[in-house]
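Biologist: Please take a close look at one part of this model, a pair of packed helices. What are the angle and the distance between their axes, and which residues make the contact?

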Amino acid sequence: MVITTTIPDPRAGELLQYTFASRYAAAPVPKFKMPEKSIPKEAAYQIINDELMLDGTPRLNLASFVTTWMEPECEKLMMASINKNYVDMDEYPVTTELQNRCVNMIAHLFNAPVGETETAVGVGTVGSSEAIMLAGLAFKRKWQAKRKSEGKPYDNPNIVTGANVQVCWEKFARYFEVELKEVKLSEGYYVMDPVKAVEMVDENTICVAAILGSTLTGEFENVKLLHEFLTKKNKMTGWDTPIHVDAASGGFIAPFLYPDLEWDFRLPLVKSINVSGHKYGLVYPGVGWVVWRTKEDLPDDLIFHINYLGSDQPTFTLNFSKGSSQIIAQYYQLIRLGFEGYKNIMENCMANARVLKEGIEKMGRFDIVSKDVGVPLVAFSLKDSSKHTVFEISDSLRRFGWIVPAYTMAPDAQHIAVLRIVVREDFSRSLAERLVADIDKVVKELDTLPSRESTKAAHITATVEQKQHAEEVLAHWKRVVAAKRAGAC
């Protein structure tokens, strides 16, 4: 089944009419069916390029955590390997070796207990969504195996998370039949409460998932405190409930900015960590990574061995074929930047986030809901939403080219609506200052306009008056017609 949507436009037909490309082809191209005949390559390029001009500018898309700029040298490497299928490990052994090096570098970055003669356990994925699916499957399979060995039911697994988790956790739970037990949020506290999370843990809990960099506010959840509470509960109950850390956004930030923060494999119950290479790993989408603490934390029966592409090859992924470009790009960034380079970039992102925060605070119109420790972003809400909303501000900012999302918090804080600005490597201080000026301009313009509620009320009143007038006119003409029928003059 393919789920598709198209942009409805009553003015547009089902054919693509093009102007500049008409020197190469004269007939229109159908939108939703494959054309019967070929067209020149120049025409195909022009048609697609013209439509893509209406997309937003990626570097001004401040909704996204995803990397939108890389060095030309890295782009050359990516283009040179764009036709390599990563799964052909026997044909492309060097690419496989580069992936293994990345896994080991990331594992060491996360303080995995890997000896000098050992190799880390992990895999490159299409993104953190696939990485989380794989980690979740490993937890489920280990839990099931243990329950079977104890002669206990193993058909009702659950996972404990905060309500602020990314949608991929909901997908995992639904696709792989695991109950999702969510710790609800509250106003002023927009991450998972570790006390409430541990209270939800029972004998069927396959793991507790902590978020290092909440999508909503960028805040790091307190993994160390969660670990302390869960360790105590495990000792009291005899369970061995583990922790997974979803470090999609924060995994390439915390080691460089907060090296003393204990959230990773330094905590014994942390058995696996995922991170997005295409976020603050500084690689174009899509590449993610998942690393396990030890070999024992990844069940052998989840690993497949194939030989029809050459030698025996182990594989543990949800898909099969995928490109090599992003893996090569990740290796480039790791050796090109090193620890020092990543640290400098993350410090610069945080400095620009502070510029944004200070500028927004000076307006006196907003409350900052993001925290100083976390992902470099600024999330803020209106102090007074009685006349205008953050959604109107978001819409108005698009006039200047900025894509700034507005959204409501997760349950039970859904009555709070915020704007969020993600600061990436290519978002400079000058852009930050310009964005602050544009936000201020938009807010002042909205002040001169009536609120949407009053406009709506005025429209309803006008509609009622028009209807009453029409009814009066109709009644008048009915009386005229009735008088003529009666013979009155």
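**Helix H4 against helix H5**

In this predicted model, helix H4 (residues 128–149) and helix H5 (residues 167–175) cross at roughly 45 degrees, and their axes come within 9 Å. The crossing of H4 and H5 is right-handed.

Now the residues. H4 brings Ser129, Ile132, Met133, Gly136 and Leu137 to the contact. From H5 come Cys168, Trp169, Lys171, Phe172 and Tyr175. By class, the contact of H4 with H5 has seven nonpolar, two polar and one charged residues.

Helix H3 (residues 93–109) packs on helix H9 (residues 325–362) at an angle of about 45 degrees, with the axes 9 Å apart. H3 and H9 are therefore oblique to each other. Their crossing is left-handed, whereas that of H4 and H5 is right-handed. On the H3 side, the contact uses Thr95, Leu98, Gln99, Arg101, Cys102, Met105 and Leu109. H9 answers with Ile327, Ile328, Gln330, Tyr331, Leu334, Ile335 and Phe339. The H3 and H9 contact divides into 10 nonpolar, three polar and one charged residues.

One note on cysteines. Cys102 counts as buried because its relative accessibility is 0%. Cys207 is buried too, at a relative accessible area of 1%. Across the whole structure, a search finds zero disulfides.

Notes. Residues numbered from 1 in each chain as written. Predicted model: local features only at pLDDT ≥ 70, side-chain atom pairs only at ≥ 80, totals over all residues. Heavy atoms only, no water. Axes fitted to C-alpha atoms, helices over the stretch in contact; angles between N-to-C directions. Helix = DSSP H or I, 4+ residues; strand = E, 2+ residues; numbered from the N terminus. Parallel < 35°, antiparallel > 145°, perpendicular 65-115°, else oblique. Left-handed = near helix turned anticlockwise from the far one by under 90°. Contact = heavy atoms within 4.5 Å. Nonpolar A, V, L, I, M, F, W, Y, C, P; charged D, E, K, R; others polar. Disulfide = S-S within 2.5 Å. Buried < 20%, exposed > 50% of the residue type's maximum accessible area, 1.4 Å probe, protein only.
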